[in-house]
Amino acid sequence: MEPVVAVHADWVGEALGIELTRTSSLPLARRLYRALRAWVQSGRLASGCRLPSSRRLARDLGVGRNTVLEAIDQLVAEGFLETRPGAGTFVADLPFGGVEAVSGEVPGEVPEASLSSRGERLLRFCAPPGGHHGAFPPGVPALDRFPRELWQRLLKRHQHDAPEAWLDYRTQGGVTALREVLCDYLRLSRSVRCRPEQVLVVQGAQQGFELIARMLGDPGDVVWMEEPGYGGAQACFDAAGLELVPVPVDDEGLDPGRVPPGHAGPRLIYVTPSHQYPCGVTMSLSRRLALLEAAETHGAWIVEDDYDSEFRYGQRPIAALQGLTESARVIYVGTLSKVLYPGLRLGYLVLPEALVAPFQRANARLHREGQYTVQAALGEFIAAGHFSRHVRRMRDCYRGRQALLRRALAPAVARGLVLSEGQAGMHLVAWLDDLALEATLVARGAANGVTLSPLSGYYLAAPGRPGLVLGYAGTRDDEILRAGRWLAEAWLSLVEERAVSS
């Protein structure tokens with residue numbers, strides 16, 4: 001017997017009710033017949049779907065049952081529907097698109113999507129929809145190493161024990177237990193100055209950037225951005241109507257002394273001082289102090305994005321910029337997407353005292369607080385030591401995966417390919433000689449199932465420095481070797497072609 005495809009009786013009755021409200025001179029039975037037939041022919045009602053009973057339809061539509069039966073009997077006679085004794089009425093098994101609809105209406109042209117200028121600008125920062133993560137997408141953690149069974153047990157227990165209040169709208173800034181353990185973690189591991197009340201749990205760092213832009217910036221205000229820098233932050237601030245001013249990054253990080261002339265003072269300054277994204281450098285102490293002084297001079301807020309400081313290899317952890325001075329004008333932004341998994345959609349802000357209350361109120365109004373059971377499970381995950389153990393395991397894993405990538409690229413490195421130091425983080429940068437080489441490698445990589453992110457795409461001002469951002473953390477060992485060897489061979493081949501042609 002063929003499987004039965006269920007159709008929810010509620011939506012069928014409601015949708016037919018909408019059809020019958022349209023002005024028409026046709027009898028009700030005829031209008032009902034035409035609507036059902038059009039739905040069958042268009043696939044809106046698929047083969048095998050069971051229709052609500054005639055009594056149910058008559059009651060939902062407020063018409064006589066004979067009216068419904070007249071329409072259904074006609075459709076059965078024409079072969080669009082079939083009745084099965086004791087089971088009900090079903091859509092017949094018809095070939096898709098076998099007949100044309102008879103709605104009697106001439107379909108109009110589909111209107112073109114008309115986006116706002118802000119929407120058009122936003123799309124410039126958006127990559128095409130992606131699917132499978134192979135090699136080498138940046139920013140993706142080792143999803144295959146996450147302790148899923150343990151996490152599911154914690155989630156299940158906290159879901160079962162969740163108080164009724166967590167089902168309601170919340171405005172407290174996040175689960176108290178999570179804010180407390182995050183505060184302890186940040187004070188000990190990152191030298192962040194904070195109390196639990198200053199921690200605002202948000203649905204990822206991106207939402208945090210958006211909230212900062214809305215609360216602290218007006219359209220046209222200037223935000224200093226690292227050049228090159230993180231596209232996610234660029235998109236959030238640009239979408240808020242802020243003026244993005246690219247400030248060059250060198251071996252010491254963002255240089256406040258190289259701000260392009262002709263712009264107003266900044267309202268926001270966005271930096272990744274612990275591990276600059278994507279170049280990987282650590283901001284020197286002199287630059288940090290200069291940045292704090294510039295923020296004080298301009299009355300600006302520094303947005304410190306500390307996205308992957310947990311992963312350092314052979315270096316001691318670097319204290320957060322936020323903790324350098326008591327009165328620092330710094331908003332610390334943390335994420336759990338890199339250290340745990342992106343689908344968790346949890347991040348946090350550490351706010352100066354004066355911003356805590358307004359940010360909590362605005363966040364509750366604009367985005368609503370949620371996932372309290374997930375937050376509670378995460379709080380236990382951290383408090384019980386699972387988080388620190390997971391970080392240690394991932395640090396070892398990523399150190400090993402970086403070594404595998406370097407081994408795979410060794411033949412190219414021996415011939416002159418330059419890689420970043422890789423003393424921290426989840427990606428390497430391969431520096432290239434020109435943009436044409438970058439574009440060719442990116443295109444060939446896409447054709448061979450290898451994701452190569454062009455470094456030039458991280459620049460706000462064209463043309464940008466050529467290179468490849470190679471994320472290794474979320475790529476399995478065998479795939480690192482395969483894709484890395486392919487990249488080495490592709491680079492060597494192109495270099496040799498150029499040498500011959502010149």
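The structure is a predicted model, in which local features need pLDDT of at least 70 and side-chain atom pairs count only at pLDDT 80 or more, while totals for chains, interfaces and linings use all residues. Residues are numbered from 1 along each chain as its sequence is written, and side-chain values use heavy atoms, with hydrogens and water left out.

Helices (H or I, at least four residues) and strands (E, at least two) are DSSP runs, numbered from the N terminus. Two strands pair if DSSP finds at least two bridges between them. An open sheet with mixed pairing holds 8 strands in the order 3-10-9-8-7-4-5-6. Its edges are strand 3 (199-202) and strand 6 (253-254), each of which pairs on one side only. Within this sheet, W224 stands opposite V245 in strand 5.

The order 11-12-14-13 describes an open sheet of 4 strands with antiparallel pairing. Strand 11 (418-419) and strand 13 (453-454) are the edge strands, each pairing on one side only. S453 has V469 of strand 14 as its bridge partner.

| Strand pair | Bridges | Direction |
|---|---|---|
| strand 4 (residues 222-227) and strand 5 (residues 243-250) | 6 bridges | parallel |
| strand 13 and strand 14 (residues 467-471) | 2 bridges | antiparallel |

**Helices across the sheets**

Contact means heavy atoms within 4.5 Å. Axes are lines fitted to C-alpha atoms, for helices over the stretch in contact, and angles run from 0 to 180 degrees between N-to-C directions. Helix 9 (residues 231-239) lies across strand 4, strand 5 and strand 7 (266-271), at about 160° to strand 4. Helix 14 (residues 435-447) lies across strand 13 and strand 14, and runs at about 35° to strand 14.

The loop between strand 13 and strand 14 contains L460. With a relative accessible area of 29%, L460 is partly exposed; buried means under 20%, exposed over 50%, and partly exposed in between (1.4 Å probe, protein chains only). Leaving aside residues up to four places away in sequence, L460 touches F125, M225, E227, Q234, L244 and P246. L460 and A213 are 247 residues apart in sequence and 18 Å apart in space, C-alpha to C-alpha.

**Surface of helix 10**

L289 is found in helix 10 (residues 285-298) and is partly exposed, at a relative accessible area of 45%.
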